[in-house]
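Student: I have a structure to read and would like to learn how its features are described. Please take me through them one at a time.

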Amino acid sequence: MKSLRLILANARYFGPSWVFASINILFGTWAIYIPTVKESLNISKSELGIAIFFLALGVFTVFPFASGIVNRYGVGKVTFSGVMMSCTAAMLPLLAPNYYVLMVALFLFGASNGITDIAMNTLVTEIEKKDKVKFMAASHGFFSLGGVLAGLGSFLIGPLSNPVLHMSLAVLLVVLVNVKFRSQYFTEVAEEVENEPFSFGLLKPLLLLGLISFVAMGSEGAIVDWSGLYLKEIALAPEALWGLGFLGFQITMTLGRFLGDGISDKIGSVKIVALGAILAIIGYFLVLTANVTLSIIGFTINGLGFSVMVPEVFRIGGNVKGIDSSKGIAFIAGTGYAGFLCAPPILGFLAENYSLTRSFVVLLACGFLILLFTLLLKKKRA
């Protein structure tokens with residue numbers, strides 16, 4: 001919690017951290033209106049899955065170009081410009097008049113978030129190096145905190161009865177705070193580093209870590225995208241409760257990220273990933289009861305379980321013997337985003353051709369897969 005106190009006490013660190021929160025405020029506000037968009041455009045679950053795929057595709061598409069843009073224009077300027085583009089793009093999916101425009105709108109929203117994601121992580125890295133402080137994990141905690149704020153906004157669904165107005169209020173909050181604090185980072189410039197090409201010889205020692213990242217990030221994205229629809233159609237929750245699964249997930253995700261470093265120091269990275277997998281499995285069992293209260297509790301436990309997985313896998317990958325840390329992390333990030341990219345259309349296909357319940361049975365199986373990979377990883381490292 002030391003890094004959290006550092007951020008709250010110093011505007012220089014709060015400014016960049018608020019960018020992390022901003023991205024998830026925008027994304028989370030979109031997420032709680034996914035059932036509304038599906039209904040208003042009269043699209044199937046499979047079509048919805050493909051549309052969400054375009055959002056992830058937008059994120060993935062900008063990754064190869066992001067570092068060049070950051071180096072050319074400066075990390076501070078790209079961070080601020082990126083979050084402003086995300087604010088504009090966040091409005092588009094809720095204004096889409098048909099399915100095809102929705103796919104384009106989500107692609108642009110994903111691309112804007114992707115460039116901001118790379119820029120803001122680079123920004124925090126540069127400030128950490130300059131100031132010799134550590135607040136990266138807490139910044140990711142702010143990302144989850146943004147999701148909590150978006151989830152709380154679900155209580156406005158009924159009173160406002162206007163998705164575009166709701167998103168406009170979220171955009172206004174994001175813009176005002178970022179404009180106020182942009183002077184804390186706007187002039188920051190990233191140090192250019194010549195990157196060596198990734199070698200497939202690195203694949204073997206990183207394979208298990210990459211598989212965990214693939215499944216974990218895919219599962220995270222699935223819960224964010226489908227929890228509201230599950231509560232609506234399977235648990236038959238009233239409209240006011242559709243966003244509570246997402247809210248519970250984000251609250252415990254935030255707490256887990258703020259507290260995870262301390263727990264990891266005590267029990268180790270591999271054990272905390274295994275513990276996270278066990279919590280995720282318990283959460284899925286509760287979700288599959290299809291009881292409104294138990295399902296919301298299940299999504300909440302899911303958040304606690306998944307909160308520690310990806311950060312710890314990154315930590316392990318950055319310390320694999322004989323492999324440069326940047327290459328290890330790049331591989332794990334790539335496999336993770338591939339999972340995030342693949343999950344929506346796969347689950348959409350299952351939901352459309354079988355049931356949404358079957359999709360969550362598959363996610364439960366993925367929880368067991370993560371636990372298996374973790375046990376194999378522990379045996380390999382022993």
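Student: Over the face of which rings does Arg182 lie?
Tutor: A charge is said to sit over a ring if NZ of Lys or CZ of Arg is within 6 Å of the ring centre and within 35 degrees of the ring normal. Here Arg182 lies over the face of Phe80, at 4.9 Å from the ring centre. Arg182 also lies over the face of Phe186, at 5.0 Å from that ring's centre.

Student: Where do these values come from?
Tutor: This is a predicted model, in which local features need pLDDT of at least 70 and side-chain atom pairs count only at pLDDT 80 or more, while totals for chains, interfaces and linings use all residues. Residues are numbered from 1 along each chain as its sequence is written, and side-chain values use heavy atoms, with hydrogens and water left out.

Student: How many aromatic pairs are found in the whole structure?
Tutor: A pair of aromatic rings is described by the distance of the centres and the angle of the planes. Rings of Phe, Tyr and Trp (its six-membered ring) pair if their centres lie within 6.5 Å; planes under 30 degrees apart count as stacked, over 60 as edge-to-face and the rest as tilted. The search finds 11 aromatic pairs. In one of them, the ring centres of Phe14 and Trp18 are 6.1 Å apart and the planes are at 20°, so this pair is stacked.

Student: Where in the chain do Phe14 and Trp18 lie?
Tutor: Both belong to helix α2 (residues 11–32), four residues apart, which is about one turn of the helix. Helices are DSSP runs (H or I, at least four residues), numbered from the N terminus. An α-helix has 3.6 residues a turn, so residues three or four places apart point the same way. Phe14 and Trp18 are both buried, a word used for under 20% relative accessible area, with exposed over 50% and partly exposed in between (1.4 Å probe, protein chains only).

Student: Which kind of pair do Phe142 and Phe258 form?
Tutor: Their ring centres are 6.4 Å apart and their planes at 85°, so the pair is edge-to-face. This pair links distant parts of the chain, with Phe142 in helix α7 (residues 136–152) and Phe258 in helix α11 (residues 244–267), 116 residues apart. Phe142 and Phe258 are buried. Ring pairs link Phe14, Trp18, Phe142, Phe181 and Phe258 into a cluster.

Student: How many salt bridges does the whole structure have?
Tutor: A salt bridge is a side-chain nitrogen of Lys or Arg within 4 Å of a carboxyl oxygen of Asp or Glu. There are five salt bridges. One of them joins Glu233 to Lys38, with the closest N and O atoms 3.7 Å apart. Glu233 lies in helix α10 (residues 203–233) and Lys38 in helix α3 (residues 34–41), so the pair ties together parts 195 residues apart in sequence.

Student: Are Glu233 and Lys38 buried, exposed or partly exposed, and which is which?
Tutor: Glu233 counts as partly exposed, at 30% relative accessibility. Lys38 is buried, with a relative accessible area of 14%.

Student: Which residues are linked with Glu233 in a network of salt bridges?
Tutor: Lys38 and Lys45 are linked with Glu233 in this network. The closest N and O atoms of Lys45 and Glu233 are 3.1 Å apart. Lys45 is buried, with a relative accessible area of 18%.

Conventions: Helix = DSSP H or I, 4+ residues; strand = E, 2+ residues; numbered from the N terminus.
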